[in-house]
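Visitor: I have a structure open on my screen and would like to learn how to read it. Could you walk me through a few features?

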Amino acid sequence: MTERIAKPRNTKQRDMVREALAGAPGFVSAQSLHASLREDNTGIGLATVYRALAGLVAQGDADSLQSPDGEALYRACTSTGHHHHLICRSCGLTVEIEATDVEQWARRTAESHGFSEAEHIVDIFGLCTACAQNRDSERDAD
Ligand SMILES: [Zn+2]
Ligand SMILES: [Zn+2]
Ligand SMILES: [Zn+2]
C-alpha cells in the first residue's frame, strides 16, 4: 500500500542541501555549504541551509558535531549506525572510524557510576597526511 504524502514546500531546497553535503569531502560548516550552493546559483538563503541541515540531522541523514572552535559542522555520513570521526582541522577531510575500546570504556565507566543508556560523542581532530606535509614544506621554505 502506498500512501501519498504532500511534500512540504521546502523539500526541493532540502534535497539541494543534501546533495551539496553528499558532495563535500568531509565535515563542512553551514556557511561554506551555503557558499558552494550560491556558486551554483541556486539562490538559496543561509537560513534555509541551516533549517535544511537541522532537518537532515533530525532524520538521521546527516551527522553534526562541533569543531574545537565551537563551530557546528555537518556531513552526510555513509554509516548510519553509531560511529566516530577522524577529522582534518585544516581541510575537513573525514574518516569514519570504529572505536571498540571507547565503546567498552564508555559502557564500563557509565555502569560503574550507576548510569544506564549511556551515549557518547567522540571525534578526533588532527591534520591529515597531505595537510601535515604541506605544513612541513611551508616550514622548510622559510
Ligand atoms: Zn559520521
Ligand atoms: Zn587535511
Ligand atoms: Zn562510540
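Visitor: Which residues touch the most other members of the largest nonpolar core?

Guide: A core is a group of buried nonpolar residues joined to one another. In this predicted model, the largest one has 16 residues. Those touching the most other members are Val17, Leu21, Leu33, Val49, Leu53 and Tyr74.

Visitor: Which elements give two or more residues to this core?

Guide: Three helices do: H1 (11-23), H2 (30-39) and H3 (46-58).

Visitor: Now the helices. How do H1 and H3 pack, and at what angle?

Guide: For a pair of helices, look at the angle and at the distance between the axes. H1 and H3 pack at about 80°, and their axes are 9 Å apart. An angle of 65 to 115 degrees counts as roughly perpendicular, and H1 and H3 are therefore roughly perpendicular to each other.

Visitor: Which residues of H1 and H3 meet?

Guide: From H1 come Gln13, Arg14, Val17 and Arg18. On the H3 side they meet Thr48, Val49, Ala52, Leu53, Gly55 and Leu56. Sorted by class, this contact has 5 nonpolar, 3 polar and 2 charged residues.

Visitor: And at what angle do the axes of H1 and H2 cross?

Guide: They cross at roughly 105° and come within 10 Å. That makes this pair, H1 and H2, roughly perpendicular. Met16, Val17, Ala20 and Leu21 of H1 meet Leu33, Ser36 and Leu37 of H2. By class, the contact of H1 with H2 has 6 nonpolar residues, 1 polar residue and no charged ones.

Visitor: Let me try single residues. Is histidine 34 buried or exposed?

Guide: Count the other C-beta atoms within 10 Å: with 20 or more, a residue is buried. Histidine 34 has 22, so it is buried. This residue is part of helix H2. Not counting residues up to four places away in sequence, histidine 34 touches Leu46 and Val49.

Visitor: How far apart in space are histidine 34 and glycine 45?

Guide: Sequence separation and spatial separation are two separate things to read. Histidine 34 and glycine 45 are 11 residues apart in sequence, and their C-alpha atoms are 7.4 Å apart. For another pair, take serine 64 and arginine 75: they are 11 residues apart along the chain, with 6.5 Å between their C-alpha atoms. Alanine 132 and glutamate 96 are 36 residues apart along the chain, and 19 Å separates their C-alpha atoms.

Visitor: Where is serine 64 found, and what is it in contact with?

Guide: Serine 64 is in strand E2 (residues 63-66). Leaving aside neighbours within four places in sequence, serine 64 contacts Val57, Ala72, Leu73 and Tyr74. It has 15 other C-beta atoms within 10 Å, so it is partly exposed. Alanine 132, in helix H5 (residues 129-141), is partly exposed too, with 13 other C-beta atoms within 10 Å.

Visitor: Which residues other than glycine have a positive phi, for example?

Guide: Phi is a backbone angle to check residue by residue. Asparagine 41 has a phi near 55°, and glutamate 117 has a phi near 50°. Asparagine 41 lies in the loop between H2 and H3, while glutamate 117 lies in the loop between helix H4 (100-112) and strand E6 (123-126). Asparagine 41 is exposed, with 7 other C-beta atoms within 10 Å. Glutamate 117 is exposed as well, with 5.

Visitor: Finally, what does the domain assignment of the chain give?

Guide: It gives domain 1 (7-77) and domain 2 (80-142). Their C-alpha centres lie 22 Å apart. Where they touch, 9 residues of domain 1 are in contact with 11 residues of domain 2. The domain 1 side of that contact divides into 6 nonpolar, 2 polar and 1 charged.

Notes: Residues are numbered from 1 along each chain as its sequence is written. Chains are lettered from A and ligands numbered from 1 in the order in which they are written. This is a predicted model: local features need pLDDT of at least 70, side-chain atom pairs count only at pLDDT 80 or more; totals for chains, interfaces and linings use all residues. A nonpolar core is a set of buried Ala, Val, Leu, Ile, Met, Phe, Trp, Tyr and Cys residues joined through C-beta atoms within 7 Å. A residue is buried if 20 or more other C-beta atoms lie within 10 Å of its own, exposed if 12 or fewer, and partly exposed in between; C-beta atoms are placed from the backbone. Helices (H or I, at least four residues) and strands (E, at least two) are DSSP runs, numbered from the N terminus. Domain bounds come from an automatic or database domain assignment. Two residues are in contact if their C-beta atoms, placed from the backbone, lie within 7 Å. Ala, Val, Leu, Ile, Met, Phe, Trp, Tyr, Cys and Pro count as nonpolar, Asp, Glu, Lys and Arg as charged, and the others, Gly among them, as polar. Axes are lines fitted to C-alpha atoms, for helices over the stretch in contact, and angles run from 0 to 180 degrees between N-to-C directions. Angles under 35 degrees count as roughly parallel, over 145 as roughly antiparallel, 65 to 115 as roughly perpendicular and the rest as oblique.
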